[in-house]
Amino acid sequence: MKIHEFQAKELLKVAGVTVPDGIVASSPDEAVEAFEQLGGKLAVVKAQIHAGGRGKGRFKEHPDQPGVVLVRSAGEAREHAERMLGSTLVTIQTGEEGKQVNTLLVEAGLDIASELYAGVVVDRAAGGPVLIMSSEGGTEIEKVAHDSPEKILNCNVDAGYGLQAAQVRKLAHQLGLSAAAAASAQKFLPKLAKFFTDNDCTQVEINPLVVTAAGDFVALDAKVAFDDNAMFRHKELLELRDLNEEDESEVRAGNAGLSYVKLDGTIGCLVNGAGLAMSTMDLIKHHGGEPANFLDVGGGANVDQVTEAFRIILADDNVKAVLVNIFGGIMKCDVIVEALLAAYDQVGFTVPLVVRLEGTNVEKARSMLAESGKDIIAATDLTDAAQKVVASISA
Amino acid sequence: MSILVNKDTRVICQGITGKTGLFHSQKCREYAREVRTDSDVFVGGVTPGKGGQTVDDFPVFNSVAEAIEKTGANATMIFVPPPFCADAIIEAADSGIQLIVAITEGVPTLDMVRVSHYLAKTSARLIGPNCPGVITPGVAKIGIMPGYIHTPGTVGLISKSGTLTYEAAWQLGNIGLGQSTAIGIGGDPIIGTNFIDLLEMFENDPDTEAIMMIGEIGGDAEIQAANYIKDHVTKPVAGFIAGQTAPPGKRMGHAGAIISGGAGTAAEKMDALEAVGVVVAQSPADMGKAMQEAITRKNG
């Protein structure tokens, strides 16, 4: 689960991680008020959407308006807020459709001496959290890793004992920090690492991490995401979820216990199992089609779930045909076909439906399909299924 | 021979009084009784607070330690709900269980960090979590896979996914290639046993003649496996990577299946495997064929 920058900064501040003074605004008046409260000299107005690349992003309605802007007067604050609020920001990460901006974060300007990068993620190979730092703040860390890997510093964090002073000293030395900045690092970095483990984060990224002229560490930006599987022990964090930032059909699927990801193609897929669902997309592509979605209906597919899955798939106007690919294991094929047929009646199909079944009780399931009298195209194996569903579109 | 599961394996189920735990314990017992008659493989279960009960002839114990003492169990299959799974794994390892198969899906990643730290101090081996389990066809299965799709044979099968493992076993079986042991290692970011551990075991197992490995997007375990294969594996290897069409930044069902920052793509993993001589199937329909080709290439 991702949260907004202003929410992340509120949490970080409580955890003792220094962030700039900032005020949230959801109207031009509030933006002006925030500007005045922050000293009335210099402030940054930042559009709040989950996607990155806001500074370089532009609004659909105002092609010259960036998503992050420096303002020096109340008038400027108002003008920018008026253009940003309610408008659609398109960045490198939002896709062409962009995201509507409903909230702004107004922050006091800082006396910046240098910009660093700090991020915490779980390193799969190390089997624990790792703090990643770089002197190249402000740049995408993937780009730094690609262009100058020697500038990436990795430091394993013990999830139980936290980041150790000696580790911070080493990082400070590697980053060439001044004595004052190194002292700030000793306060800032262990708290950042602790925030990650205390809140079951999957990502905490501070980019840039500013070193002020006085040598203080300040989180100028903050990107935080949490482990969905751990939300049962962080119920308070669930309130930070912003459904406006999520795809409507993906939210709907989640509520039905389905795993769904919308894609751009024309062939909808309904599959049991995540690996097989991914492979089914690959199979469609391999045979010249384009998958419209990833959908894992899970191991215990019942009528309600299959019906909802079909409805979600068919709600996508791009879908011109649907492929059902089931490998019945413990969940027998005939049980799944029963659900399929019931769902078929409830949903009302207007596009071709190709069904491939394999596994337990497949013979019985196939004859049920054949005897149903419904307009369902049966496939004998994976390749046959892919060919038939691709052909059903071009025909 | 085989790996992980053999004729001396005795299994308990942690979470046996839950609906799913009992159902799969019954299925595993059925499978073992069908394929061999010498002794019972599934010997009981554990649910704290419910010791002394019996569910469908399975004795239930309060703790893993008690279950070991009474039944001689040396392996466990875990079905407890996600919030309690890490603790169940630690209890099993602490009690001396050697093989821990965690089926549970949805375990918090940081719980698995704690588990990894703990297991490093013990001799226990963990498979999973979020996996279908382990089967040595004709001997025993510990997991949720349908037994009949796996035939005994000489291919070692390793996979991150459940149904895709079934698909592979099915395709292999159709061309007469049974499996020595098939393992679903799980689709989470942190798992107990990785490709490399199992590649090493299969390489050393005299009854395994070829290896099939099925990976997916996310992380770099497949690339590390490729490096390992280059230096240490002499047996023919075939592979498949799921998620060639997956978009970056989106989690594809499995917690670990995500391309982040442009890394962990199917293309880079397929290239790495092909570069070390692994025959990589381009289509999931060709996994069996790829294994056949790898065997022919090595022997011919």
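What follows is a quick tour of the domains of chain A and of the interface between chain A and chain B. The model is a predicted one.

Start with chain A by itself. The chain splits into three pieces: domain 1 covers 21-108, domain 2 runs over 112-238, and domain 3 takes in 248-394. Between domain 2 of chain A and domain 3 of chain A, the C-alpha centres sit 43 Å apart.

Now for the interface. On the chain A side, 44 residues make contact, and they meet 53 residues of chain B. The size of an interface is often given as the accessible area lost when the parts come together. Here chain A and chain B bury about 3,700 Å² between them, and carbon and sulfur atoms account for 65% of that area.

As for charged pairs, 3 salt bridges link chain A and chain B. One salt bridge joins R233(A) to D111(B), with 2.8 Å between the closest N and O atoms. Polar contacts across the interface of chain A and chain B come to 10 residue pairs, counting pairs with both residues at pLDDT 80 or more.

Which elements of chain A give two or more residues to the side that touches chain B? They are the strands β9 (128-134), β14 (259-262) and β18 (353-359), along with the helices α6 (179-198), α9 (274-286) and α13 (382-394). The largest share belongs to α9(A), which puts in 10 residues. Sorted by class, the side of chain A that touches chain B holds 19 nonpolar, 14 polar and 11 charged residues.

Conventions
Residues are numbered from 1 along each chain as its sequence is written. Chains are lettered from A and ligands numbered from 1 in the order in which they are written. This is a predicted model: local features need pLDDT of at least 70, side-chain atom pairs count only at pLDDT 80 or more; totals for chains, interfaces and linings use all residues. Side-chain values use heavy atoms; hydrogens and water are left out. Domain bounds come from an automatic or database domain assignment. Contact means heavy atoms within 4.5 Å. Buried area is the accessible area (1.4 Å probe) that two parts lose on being put together, summed over both. A salt bridge is a side-chain nitrogen of Lys or Arg within 4 Å of a carboxyl oxygen of Asp or Glu. A polar contact is a pair of N or O atoms within 3.5 Å; within protein, one must be able to donate a hydrogen and the other to accept it, and residues adjacent in sequence count only if both atoms are side-chain atoms. Helices (H or I, at least four residues) and strands (E, at least two) are DSSP runs, numbered from the N terminus. Ala, Val, Leu, Ile, Met, Phe, Trp, Tyr, Cys and Pro count as nonpolar, Asp, Glu, Lys and Arg as charged, and the others, Gly among them, as polar.
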